[in-house]
Amino acid sequence: MFFVLLVSKVYADTLVVNKKEFSTYIQYSQFLLAQGETVVGPIQLLPVAKVDSILIKPTNKEVKVLGYMVEPTKENWVENLVGKTVSIEGEGRVVKGTVISVKDGYITVDTKNGVVITTLPTFPNRLSSSLKWQELMSPKITLKLYSDKPTSIGINMFYPVSGFEWDVVYNAEIQGNKVIFNGFYEIKNQTALRLIDVALFIKDNERTIKLYDKTIVEPYSSKVVNIDSLVLNYSKEIKVESKKYLPNGKVAVYKNSTFIGYGSLNNGVLRLP
């Protein structure tokens, strides 16, 4: 038996942020499968997905992934308009319809009055679409699954994403014979994506640390999360005892609320200038 499902319900996703280069996004969707083969999709992935490296894992091990089809996005964003409804304004007229092709500086649009071929708009002309950026730029995947019986199934799709990274932010304030030490994780989102209700992790070598069960990651922003706050006895070199994982990093040092330079935390030893 063969069915095509065009919609899915999206549940909590997960972002595992690496220190540099590619991070991992885990996208979860749930479907109702018929007995036999079922095609589900198209499922929208993140625009920053690297679609040549997708790992697909059904939550039910009895469900088999027979194959999938990926619809990647084009490097030239205008080419992603093919099949979409757009409006082209300029020179006193408006052309609205479905884009058939974009080639050699020309755009072909199927309008209610017939096919129109025109040059790609340039300022002060305007090309617009009702689609959001993420809808326009997202690659899509369609899955072919097999089940011995009708079932509800969750699908986790793992894929690399670019534009996310993390670092540590440390500061230490010298107050007499004490040092007030604070550590933070800084998660950087260098994309236009706004992620809602994602489980957020960071990964440092083989260590994975959970920061949130559900959180919002705003576009072009840094999310700063406290690791630990400690009161230490002053010395030029201090062994920092913490139950939390403290990665190596640079430390901004203050004395009586005045910045005096940078120190470092290396292998659990705080060195002050």
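Strands are DSSP runs (E) of at least two residues, numbered from the N terminus. All views show a predicted model.

**Figure 1. Nonpolar surface patch that includes Val 115.** The patch on the surface is formed by Ile 100, Tyr 106, Val 115 and Ile 117. Together these four residues have about 410 Å² of accessible area. Val 115 belongs to strand β11, which covers residues 114-119. The relative accessible area of Val 115 is 54%, and exposed means over 50%, so Val 115 counts as exposed.

Figure 2. Between Gly 41 and Pro 42 the peptide bond is cis. The omega angle of this bond is near 0 degrees. Pro 42 is part of strand β5, residues 36-44.

Figure 3. Asn 205 is a residue other than glycine with a positive phi, near 55 degrees. The loop that holds Asn 205 runs between β17 (195-204) and β18 (207-217). With a relative accessible area of 64%, Asn 205 is exposed. Asn 256 also has a positive phi, near 50 degrees, and is likewise not a glycine. Its loop lies between β21 (249-255) and β22 (258-266). Asn 256 is exposed because its relative accessibility is 57%, and the cut-off for exposed is over 50%.

**Figure 4. An open, mixed sheet of seven strands.** The strand order in this sheet is β19-β16-β15-β21-β22-β23-β20, with mixed pairing. At the edges are β19 (221-233) and β20 (237-239), each of which pairs on one side only. On average, neighbouring strands of the sheet are turned by 25 degrees against each other, direction ignored. Strand β16, residues 178-189, runs antiparallel to β19, and 12 bridges join the two.

**Figure 5. The aromatic pair of Tyr 25 and Tyr 159.** Five aromatic pairs are found in a search of the whole structure. In the pair of Tyr 25 and Tyr 159, the ring centres are 5.9 Å apart. The pair is tilted because its planes are at 40 degrees, a value that is neither under 30 (stacked) nor over 60 (edge-to-face). Tyr 25 is in strand β4 (residues 23-33) and Tyr 159 is in strand β14 (residues 151-161). The two residues are 134 residues apart, and the pair links distant parts of the chain. Buried means under 20% relative accessible area, so Tyr 25 is buried at 3%. Tyr 159 is buried as well, at 1% relative accessibility.

**Figure 6. The ring cluster of Tyr 254, Phe 259 and Tyr 262.** Ring pairs link Tyr 254, Phe 259 and Tyr 262 into this cluster. Within it, Tyr 254 and Phe 259 form an edge-to-face pair. The distance for this pair is 5.6 Å from centre to centre, and the angle between the planes is 65 degrees. Tyr 254 is partly exposed, with a relative accessibility of 31%. Phe 259 is also partly exposed, at 41% relative accessibility.

Definitions and conventions
Residues are numbered from 1 along each chain as its sequence is written. This is a predicted model: local features need pLDDT of at least 70, side-chain atom pairs count only at pLDDT 80 or more; totals for chains, interfaces and linings use all residues. Side-chain values use heavy atoms; hydrogens and water are left out. Patches are made of residues with over 30% relative accessible area and no salt bridge: like charges are joined within 9 Å, nonpolar side chains (Val, Leu, Ile, Met, Phe, Trp, Tyr) within 5 Å. Accessible areas come from the Shrake-Rupley method with a 1.4 Å probe; for residues, only the protein chains shown count as cover. A salt bridge is a side-chain nitrogen of Lys or Arg within 4 Å of a carboxyl oxygen of Asp or Glu. Helices (H or I, at least four residues) and strands (E, at least two) are DSSP runs, numbered from the N terminus. Buried means under 20% relative accessible area, exposed over 50%, partly exposed in between (1.4 Å probe, protein chains only). Two strands pair if DSSP finds at least two bridges between them. Axes are lines fitted to C-alpha atoms, for helices over the stretch in contact, and angles run from 0 to 180 degrees between N-to-C directions. Rings of Phe, Tyr and Trp (its six-membered ring) pair if their centres lie within 6.5 Å; planes under 30 degrees apart count as stacked, over 60 as edge-to-face and the rest as tilted.
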